[in-house]
Amino acid sequence: MLSYVKRSKYLLKRVENLYNSIEITDGEKMIQGYGMASGKVILMGEHSVVYGMPAIALPFLDKGVECYVQEYGNGIFLETTYYNGDLDDSPELLWGIKHLIIETLRVLNKEDINLKIIINSRIPAQRGLGSSAAVSVAVVRALFDAFEIKLNDDNLSQLVHIAESIHHTDPSGLDAKTILSGKPIYFKKDTLIEEIEINFDGVMVIADTGVKGQTKQAVQGVKQIKEKNYSMFEETIENIGLLTEETRVALGTNEIEKVGVAMTQTQSLLQKLQVSDHHIEKLVRVAMKYGAEGAKLTGGGKGGCIIALCKDGHTANNVSEKLLQNGAKATWIYDMKEKGMYE
Ligand code: PMV
């Protein structure tokens, strides 16, 4: 397994190479910028975080987004996996990014600039791994870098919120804050973000159901449950909140079993909120059958990814293999001690 440090050095080398390869024409400095961001994994507290309960999230360090900006053509040209063309004509999936780019250029006072924006994402989209927030962070960083304007975290958060609001209606901000921090965080909407030290021997397997998650619909569904059956809703999100608090303590005392139990109990509560589905439940069952201490969905749900906590790397490798044999489209192993990852 490559350590996180080695991987970071590798990423930095790639960035250096990229800069060296960009041409500077006629002795004039060409406008060019670069930004990157990692994804995130929600360990505990998705959905309940929207209603003020705590959440714990980790950066998904190796799966990053890189964005390159350079002077080009006429207007703004977007180059992504899904779409190559004028920003004005971009498909609905990219409207959040479109508005983000327009607003960022307005803030930078560069509305009439001609640019090509290349977005290169290694985070699978719509899988609850923070791809949309990471793209937003990388794009804003690249645009500010292109005009050599210093970017502080407050400005970055506000700009990223524009795109997130289009993707999610009323996001808690958990995705963006985890990505901005690059560290494990304990988060409460609008009130608290604490970076947490994790000294934990657990090894997590992240598995992709291969089905696109539907965060917006899932969040709306929970809102409807709140309107129809308030007492069940309240009890459920409060219980998820309690399990998240217990997890925070158990992460500090290195109690893998306790974290695992809290994860599996949270999965049952998320099922009550109807944000799970049969793809998720199948992978959770497989993970538990082959030795995971606990497993649950991560992110918005209704598709997307699961996480399974294992007590060591050997068990994690076995669980990962079984998940792949039983329908997972991809898996990643996240060593929580090293905070490094391998596929
Ligand atoms: O699906 P994701 O990775 O964007 O995560 C959404 C997390 C929710 O708690 C469901 C929504 C939110 O705004 O926090």
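Trainee: Which helix is valine 135 found in?
Mentor: Valine 135 sits in helix H3, residues 131-146. Helices here are DSSP runs of H or I with at least four residues, strands are runs of E with at least two, and both are numbered from the N terminus. Keep in mind that this is a predicted model, where local features need pLDDT of at least 70, side-chain atom pairs count only at pLDDT 80 or more, and totals for chains, interfaces and linings use all residues. Residues are numbered from 1 along each chain as its sequence is written, and side-chain values use heavy atoms, with hydrogens and water left out.

Trainee: Is valine 135 buried or exposed?
Mentor: Valine 135 counts as buried because its relative accessibility is 12%. Buried means under 20% relative accessible area, exposed over 50%, and partly exposed in between, with a 1.4 Å probe and protein chains only.

Trainee: And what does valine 135 touch?
Mentor: Not counting residues up to four places away in sequence, valine 135 touches Val65, Ile97 and Ile119. A contact means heavy atoms within 4.5 Å.

Trainee: Switching to H7: how far apart are its end C-alpha atoms?
Mentor: They are 34 Å apart. The expected span is 1.5 Å times one less than the number of residues.

Trainee: Which residues in H7 are buried?
Mentor: Among them are Met232, Phe233, Thr236, Ile237, Ile240 and Leu251.

Trainee: What happens just after H7?
Mentor: Asparagine 254 takes a positive phi of about 60° there. Asparagine 254 lies in the loop between H7 and helix H8 (256-272), and it counts as partly exposed because its relative accessibility is 29%.

Trainee: Where does histidine 47 lie?
Mentor: Histidine 47 is in the loop between strand S1 (32-44) and strand S2 (55-71). Histidine 47 is buried, with a relative accessible area of 5%.

Trainee: Last one: how many helices and strands are there in the chain?
Mentor: The chain has 10 helices and 12 strands. Of its 343 residues, 52% are buried.
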